[in-house]
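Subject: Structure for your files

Hello,

Here is the structure I said I would pass on. Please keep it with your notes.

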Amino acid sequence: MVRVAVAGGSGQVAREVVDALVASKKHDITIFTRGSAPTAAVAPDVRWQTVDYHDKGALVEALRGIHTVLSFVQLLSDPDQTAQKNLINASISAGVKRFAPSEYGSRGLDNMAWWQGKQKVREYLEEVNSKEAVIEYTLFQPGLFLDYLAFPYKSSKHVDPLQTVFDFQNRRALVVDGHEDAMMTLTTMADAAAIIARAVDYDGVWPTNGGIRGNRVSISQILEIGARVRGRSFAVEKVKAEDLEAGELKASWSLEAVHQAVPDDQAQALLKMVCIGTLLSNSKGAWDSSDEMSQLFPEYEFTPIEKFLAQIWKGKP
């Protein structure tokens with residue numbers, strides 16, 4: 001049985017992963033939270049612990065005996081990523097074997113300023129391991145959660161639907177002109193959580209690039225699948241890369257629904273930034289994740305994109 005600490009464990013993606021770990025019945029799980037622990041128990045082998053990520057001594061003590069740390073620490077609220085850096089340092093001091101930083105998205109970070117904290121943590125992990133390997137780590141990267149293409153319908157227990165440039169509800173999409181063949185990785189939340197749970201149980205060395213590849217498809221293929229599962233072709237608006245680079249989104253629609261972690265006063269500015277950044281990063285291959293982590297579990301059967309979407313959208317207006 002592996003002792004696992006889940007930092008930021010009250011978040012949506014974290015709760016999906018915790019459920020997968022609990023279902024495996026192989027792990028002793030401690031969820032770190034900055035606030036008060038909930039009174040209701042999650043499961044018999046799960047306990048909550050309130051931590052202060054700025055109290056390094058207390059963090060080390062909290063991590064004594066922990067084998068693997070999975071971090072889901074919120075990035076936007078900590079621009080310098082002090083919390084995760086302290087968590088890494090404390091993990092090393094406490095003798096933690098493995099660490100997974102708060103990733104769970106794209107491979108590249110081009111044009112995604114809201115995720116630049118990930119780059120800081122990647123660089124820090126490289127730095128602390130530069131002279132000798134002091135802690136094993138991986139970057140879990142499942143690409144875009146396929147569940148988001150179900151918006152506005154919820155397809156997982158904890159993760160809320162999130163609007164994207166592929167609007168299946170209204171049968172429309174935004175595409176960068178000339179980049180229709182750009183490749184994307186799309187993985188269901190359930191599949192990503194299942195692979196992460198298996199990775200925690202894995203006896204070998206984690207690959208640093210923890211690519212989880214459920215489906216690898218082009219933009220054009222997503223639109224073709226959309227037409228089949230929604231009954232007619234999507235209205236595709238093509239935008240120019242040069243306009244996007246200049247911060248201009250010349251389209252008749254944009255994203256309207258913001259992630260629950262974003263403060264209201266930042267929502268509108270961030271929505272435009274996310275829309276432009278997602279389109280540009282897509283065109284540059286940022287969402288084309290590798291499959292190093294997937295390859296460790298060849299017996300696992302990922303959910304095919306068309307099967308998933310057909311089930312979600314069956315009978316929907």
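Predicted model: local features only at pLDDT ≥ 70, side-chain atom pairs only at ≥ 80, totals over all residues.

Residues are numbered from 1 along each chain as its sequence is written, and side-chain values use heavy atoms, with hydrogens and water left out.

Three strands form an open, mixed sheet in the order 8-11-13 (strands are DSSP runs of E, at least two residues, and helices runs of H or I, at least four, numbered from the N terminus; two strands pair if DSSP finds at least two bridges between them). Strand 8 (144-145) and strand 13 (215-218) are at the edges with a single partner strand each, so one side of each has no neighbour in the sheet. Strand 11 (residues 183-187) runs antiparallel to strand 13, joined by 4 bridges, and Thr185 stands opposite Arg216.

The salt bridges. There are 18 in the structure (a side-chain nitrogen of Lys or Arg within 4 Å of a carboxyl oxygen of Asp or Glu). One of them pairs Arg3 with Asp28, the closest N and O atoms being 3.6 Å apart. Arg3 lies in strand 1 (residues 2-7) and Asp28 in strand 2 (residues 27-33), so this pair ties together parts 25 residues apart in sequence. Another joins Arg213 and Asp291 at 3.8 Å, N to O. Lys97, Arg98 and Glu136 are linked in a network of salt bridges.

Regards
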